[in-house]
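Hi everyone, thanks for coming. Let's have a look at the structure together, and I'll point out a few spots as we go.

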Amino acid sequence: FTKADIRRSMLLYAVTDRTWLDGRDLADVVEQSILGGVTMVQLREKDMDPEAFFEEAKRIQAVCRRHGVPFLIDDDVDLAARVGADGVHVGQHDMEAGLVRSKVGEGMLLGACFAANLISLYLFYEMVSLLSMPLVLHSLTREAVAAALKYLFYSVGGAFLALFGLFVLSRYCTTLTFTPGGTLDLAALPGKENLVRAAAFCSILGFGVKAGLFPLHAWLPTAHPVAPAPASAVLSGIITKIGVIASIRMIYCITGTQLLAGSWVQQTLLVLSLISVFMGSMMALRETVFKKRLAYSTVSQVSYVLTGVFLMNEQALTGGLLHVVFHASIKVCLFLTAGSIIYHTGKTNVTDYRGLGKQMPLTLWCFTFASLALVGIPPFSGFVSKWYLAAGALGSGLGAFMWVIPAVLLIS
């Protein structure tokens with residue numbers, strides 16, 4: 001609806017306020033107002049818990065439908081989708097604030113990608129965390145607030161780990177400017193190799209929070225179900241890749257692969273990434289909440305990328321970087337189609353989607369093709385990146401990892 005539509009209508013701004021209602025039933029008030037000439041109803045929550053407000057919104061929507069009157073929800077996109085409202089009213093101030101946040105957030109993402117040194121990368125990484133939190137917080141429900149705080153705590157915890165590594169590495173690097181092959185001071189390194197490896201491990205693990213690396217992955221399946229579908233698409237497709245970029249910078253441009261290749265750091269990181277791949281796939285298989293299933297899939301798929309990075313050879317890294325691009329486009333498509341399905345059906349559980357292909361065939365075809373690409377079925381894009389990952393693992397010379405990694409890729 002445009003502003004002109006609202007101006008031309010006789011709008012009832014209904015609020016679940018006990019003082020305003022004075023003991024009256026809000027649905028009855030709405031119906032009487034419609035009979036008195038109201039041509040549009042807008043509902044706002046006040047002093048009511050989310051589930052009670054959801055039930056009240058359904059009652060009022062039924063009244064509006066019975067009389068053919070448009071029904072709007074105030075500022076809550078997710079609730080409007082669940083109820084099946086005709087629209088959402090977003091204030092001009094909220095729209096402008098959201099636009100500013102999105103543009104600044106985009107700037108921070110680009111800053112992290114183009115950062116020339118470790119300190120700049122760290123600062124941009126922190127800013128991405130702070131500016132992306134409102135994406136999870138958007139609906140302001142109790143669940144959204146809890147999920148946003150969990151996302152923030154995990155991000156800050158990861159940042160502290162990365163900061164520890166930054167402090168230690170600043171002592172043993174000639175410069176923190178990113179340089180192919182690394183910047184370790186070979187004169188200061190003898191006898192301190194394990195300390196530098198531990199610092200690098202802490203930094204990579206800390207940056208891995210954004211990428212959903214086990215055991216710091218739990219924010220992803222909590223944040224996605226409460227975030228709006230477009231926000232989930234950005235979180236999964238784009239923001240998780242900041243952790244990948246930071247890990248690449250740390251391994252290939254600060255410490256260099258010579259110090260880490262074949263060490264306990266490489267082996268531990270590969271074990272963690274393989275656990276993430278396998279566990280994410282299995283949890284997605286068991287999960288019935290639609291967007292939560294896609295979130296577990298993200299844990300698995302981004303860990304494919306990390307596995308390629310941690311193998312530290314050309315073929316595997318090529319596969320990992322290809323999968324960065326492929327996964328971003330595929331997962332954005334999946335989350336947007338999921339949002340479309342949830343909006344039109346009002347249902348979030350996959351067990352309720354029986355017969356959906358007949359109702360939304362085009363949407364389901366988009367979802368199917370994107371899913372096949374994500375699985376890696378030829379000739380879709382995912383097959384190409386996973387082929388490189390498997391070839392890189394087989395040629396890595398890392399003993400059991402040569403066979404375990406391709407096996408996990410196939411099973412998952």
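This is a predicted model: local features need pLDDT of at least 70, side-chain atom pairs count only at pLDDT 80 or more; totals for chains, interfaces and linings use all residues.

Residues are numbered from 1 along each chain as its sequence is written, and side-chain values use heavy atoms, with hydrogens and water left out.

Let's begin with empty space. Rolling a probe the size of a water molecule over the atoms shows where such space is left. On a 1 Å grid over the protein atoms alone, a pocket is an open set of points where a 1.4 Å probe fits, with protein on both sides within 12 Å along at least five of seven lines; lining residues have an atom within 4 Å of a point. The second largest pocket has a volume of about 540 Å³, the volume being the space filled by probe spheres set on the points, which are joined across faces, edges and corners. It has 24 lining residues, and closest to its centre are Ala284, Arg293, Ser297, Leu374 and Val375.

Which elements give two or more residues to that lining? They are α13 (264-286), α14 (290-311), α15 (314-345) and α17 (361-375); helices here are DSSP runs of H or I, at least four residues, numbered from the N terminus. The largest share, seven residues, comes from α14.

Now follow the chain out of α14. In the loop between α14 and α15 sits methionine 312, which has a positive phi of about 60° although it is not a glycine. Methionine 312 is also buried, because its relative accessible area is 13% and buried means under 20%, with exposed over 50% and partly exposed in between (1.4 Å probe, protein chains only). Next, asparagine 313 caps the N-terminal end of α15, with a side-chain oxygen 3.3 Å from the backbone nitrogen of glutamine 315. After α15 comes glycine 346, whose phi is positive, near 75°.

How far apart are the end C-alpha atoms of α15? They are 46 Å apart, which agrees with the 46 Å that its 32 residues should span at 1.5 Å a residue; the expected span is 1.5 Å times one less than the number of residues.

Helix α7 (residues 118-137) passes that check too: its 20 residues should span 28 Å, and its end C-alpha atoms are 29 Å apart. At its start, a side-chain oxygen of asparagine 117 reaches to within 3.2 Å of the backbone nitrogen of isoleucine 119. Among the buried residues of α7 are Leu118, Leu121, Tyr122 and Tyr125. By contrast, phenylalanine 114, in helix α6 (residues 92-114), is exposed, with a relative accessible area of 68%.

Two prolines are worth a glance. A cis peptide bond joins phenylalanine 214 and proline 215, with omega about 5°, and proline 215 is in the loop between α9 (193-211) and α10 (219-226). Another cis bond joins proline 378 and proline 379, with omega about 10°; proline 379 lies in the loop between α17 and α18 (381-394).

Last, how many disulfides are there? Taking a disulfide as a pair of cysteine sulfur atoms within 2.5 Å, the count is zero. For cysteine 366, the nearest cysteine sulfur, that of cysteine 333, is 5.6 Å away. Cysteine 366 is partly exposed, at 35% relative accessible area.

How values were computed:
A polar contact is a pair of N or O atoms within 3.5 Å; within protein, one must be able to donate a hydrogen and the other to accept it, and residues adjacent in sequence count only if both atoms are side-chain atoms.
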